[in-house]
Amino acid sequence: MTQYSRVSGSVGLITLKNPPVNQLSAVVRHGIVDTVQKALSDPKVKSVVICGQNGMFCGGADIKEFQTLANMRGPPLIPMIHSIEAADKPVVAAIEGGAFGGGLELALGCHYRIAHSKAKVGLPEVTLGLLPAAGGSQRLPRLIGVPAALSLITTGRHITAAEALQLGLVDQVADHNTVDAAVKFALSVAGQSLDARRISNFQCPPVPNMDALFEDVMQKVRTTARGAIAPIACVQAVRAAATLPYTQGMQREKELMATLFTSGQARALQYCFFAQRVVGRWSMPSGARWDTSKGRPIHKAAVIGLGTMGRGITVALAQTGLSVVAVETQEKQFMEAKKAVSNMLERGAKRSGKPLAHGKITYSQSLQAVADVDLVIEAVFEDMGLKKKVFQQLSAVCKPGTFLCTNTSTLDVDELASQTHQPELVVGMHFFAPAHIMKLLEVVYGPRSSPELVAVVMELGKKMGKVSVAVGNCRGFVGNRMLKPYRDQAYFLLEEGATPQLIDQALEEFGFAMGAFKVSDLSGLDVGWKVRKEEGLVQPGGGSGKSARIRNGVRYSPLGDLMCEQGRFGQKTGRGWYQYDKPGSRDARPDPWMHSFLEEYRARHGLVARRISNQEVLERCLYAMINEGFRVLEDGIAAGPEDIDIIYVFGYGWPRHRGGPMFYANMVGLEIVLERLEHYAQANPDMPTLQPCSLLRKLVASGSPPVNKWKEVIKNVRSQL
Ligand SMILES: CC(C)(COP(=O)(O)OP(=O)(O)OC[C@H]1O[C@@H](n2cnc3c(N)ncnc32)[C@H](O)[C@@H]1OP(=O)(O)O)[C@@H](O)C(=O)NCCC(=O)NCCSC(=O)CC(=O)CCCCCCCCCCCCC(=O)O
Ligand SMILES: NC(=O)C1=CN([C@@H]2O[C@H](COP(=O)(O)OP(=O)(O)OC[C@H]3O[C@@H](n4cnc5c(N)ncnc54)[C@H](O)[C@@H]3O)[C@@H](O)[C@H]2O)C=CC1
């Protein structure tokens, strides 16, 4: 709703009131239309201020209304904003908190904008698969120029009030009460001509070499968009602003929006927006929940093992302002880690403009140094024997009540918990490399983990700027468990006739940041080799004949093992599925050696190469992964499909505009996914991961409900188990 009052004698004050972010729902738009009319027709009112309640101007259109066109009743935004701009009394936007999307477009329709120094503004529509289609794509370039508008609209980034002032997006920045400042300002401009204040009348500031600029930006956007269409439409809309009169530009904005609005990508991106918030409302099978479990403050933390992960975790903790004790036993690693952490902190400080967090870290080569910390994160080698020993030592050294966390990527968290005096105080904190940059944190609880600890760790994740997802304990948890069948299929396809390039290209065209083989080269083939050796799966030389490709009764590809035997560990050795200029280089080039290696391998195993289509690559890799996702849901390891999707979008390079694997399955059609899995399972009876999961069958039998209704079917399936 919207509140109206007259203040300081002659200022009409319109306050948007719609928690949580004063989003422009139909009722608010009604309110704005009515109150603006009231203010303009009241002779005592000489100027108008629009503000929002509870320190927030406006979070934009109500995204929930976008679910169906039928939801979008009420006055449309565009004429509403035009009538404000056309008013003959000055209208001032008082921006506290933030003005985003339609909220900023409303402010751009006002004649003046005053922002609080802590406020942020932006046009984030692109992140929802849309463009600023309430005139934003046409007014912003006219106000701040084409290059700056392109940067804001194609990225959706939020900027500070100071940057907005510098760009000319706001007229004044207030340090104290913004509404008071706006009212004062409104009094001072009452009666003044508004001719030069209506942005739709402006010409876009001229740009030298405009064609070249747009070509360059379009090229960059196409490269980074990974198949997303909204950033491209955003460039096209700004181009219309730069080249067409306002009314024609608005027509173009409308046409482009019509295409985006009903696209699957917009649905996927809006699903991700809400899914990201859903995962914060975690629950455990015991019934413990985010809103009934309280954590306690952490003042001092420790990291054990300063290799690749420990260094990043130390930085991430220090950047939250915590005191950190960093422990590494090997002298060489100890010295290198100190230097590396210091460099990472310096780079972080430069990037963020925040002060260095150096002083908060103390280094030690002894576990005794962690005696007084509140929380420990262990990041030593992925070796159960070693980790068990470390947990026994931690349990003896740490003060009672210390939370003990492991960064293991696959091992059993419960087994580690059972090494300690207080197993309820142990969880997994699974970071992703590089740990100070990657946004995902899988929080792995066991049957004995205390809700208090889960609350503490979820909160700590938030402080580190992570998207934290609470999941149950099983091998590989959610992310790595689902990755295994995906990777296995990629290997099997190589055996059957594909090349690493063919598979990676299909996956990258789908939108993955990197294909399966480039990821494997990046993380190192030796990591999986070590695990497979420990599991007794590796036979030197790979064996020969069909039986060599069956281990424990299921299909197995020894290709990765053979690569490792040849020292091809990936980027670190300069050779892997691709070749690199030198060890450590990142520029992957196809390696002709691979061709003869695969030919010889196929001959040895009696395999005849066949043509593999992109469609088969996608169906086998993605549907195998999705099938495992259904098993994860059935087993209760993830609370809902949103948890899986957010893990994949933030941790595994899944294209956000496809919404995550489970949302994607829903978009493709569950009956189609089921039919294709049945087809591939029949052709490959030795690949049990292709056998459709019973939850998938149940969902199809229940009429393939939309993803937000799966939980009901899952509940039924679990209650029958
Ligand atoms: C605002 C924030 C920065 C606040 O952040 P924070 O404090 O961290 O809180 P959150 O946890 O994020 O959010 C709290 C709570 O609020 C909910 N929420 C936030 N924003 C919105 C919103 N805009 N709508 C609804 N709900 C919102 C959020 O979900 C949380 O609730 P919970 O889920 O219950 O936990 C941050 O929230 C933020 O960034 N918000 C989003 C800002 C944003 O992206 N705004 C842009 C929205 S899109 C927009 O404005 C577009 C337009 O205005 C254009 C409209 C033009 C319309 C024209 C339509 C033409 C259609 C043509 C079709 C033709 C087809 C045909 O005819 O065929
Ligand atoms: N590398 C990756 O991409 C990811 C790794 N992980 C997990 O993180 C953990 C660490 O992995 P990395 O950092 O890659 O390993 P790493 O090999 O780079 O580092 C491990 C470090 O632990 C040290 N260490 C060994 N025993 C120790 C002890 N008793 N006390 C103190 N330090 C000790 C080693 O000297 C080494 O510096 C593993 O469990 C791994 O599975 C999790 C996510 C991603």
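Visitor: How many residues surround ligand 2, and which are the closest?

Guide: This is a predicted model, in which local features need pLDDT of at least 70, side-chain atom pairs count only at pLDDT 80 or more, and totals for chains, interfaces and linings use all residues. Residues are numbered from 1 along each chain as its sequence is written, chains are lettered from A and ligands numbered from 1 in the order in which they are written, and side-chain values use heavy atoms, with hydrogens and water left out. A residue counts as near a molecule if one of its heavy atoms lies within 4 Å of it. Ligand 2 is surrounded by 24 residues, the closest being Glu328, Gln333, Glu382, Lys387 and Ser409.

Visitor: Which N or O atom, and of which residue, is 2.5 Å from an oxygen atom of ligand 2?

Guide: A polar contact is a pair of N or O atoms within 3.5 Å; within protein, one must be able to donate a hydrogen and the other to accept it, and residues adjacent in sequence count only if both atoms are side-chain atoms. A backbone N or O atom of Thr308 lies 3.0 Å from an oxygen atom of ligand 2, and a polar side-chain atom of Gln330 lies 3.4 Å from an oxygen atom of this ligand. The atom at 2.5 Å is an N or O atom in the side chain of Glu328.

Visitor: Which element gives the most to the shell around ligand 2?

Guide: Helices (H or I, at least four residues) and strands (E, at least two) are DSSP runs, numbered from the N terminus. At least two residues of the shell come from each of α12 (308-319), α14 (384-397) and β15 (426-431). With three residues, the element that gives the most is α14.

Visitor: Which element supplies the largest share of the shell around ligand 1?

Guide: Among the 25 residues around ligand 1, those that come nearest are Pro20, Gly59, Ala61, Gly102 and Arg277. An N or O atom in the side chain of Arg281 is 2.9 Å from an oxygen atom of ligand 1. Two or more residues of the shell are given by α3 (102-109) and by α11 (264-278), and the largest share, three residues, comes from α11.

Visitor: How many disulfides does the count come to?

Guide: A disulfide is taken as a pair of cysteine sulfur atoms within 2.5 Å. For Cys272, the nearest cysteine sulfur, that of Cys234, is 17 Å away, and for Cys621 the nearest, that of Cys693, is 19 Å away. By this rule the number of disulfides is zero.
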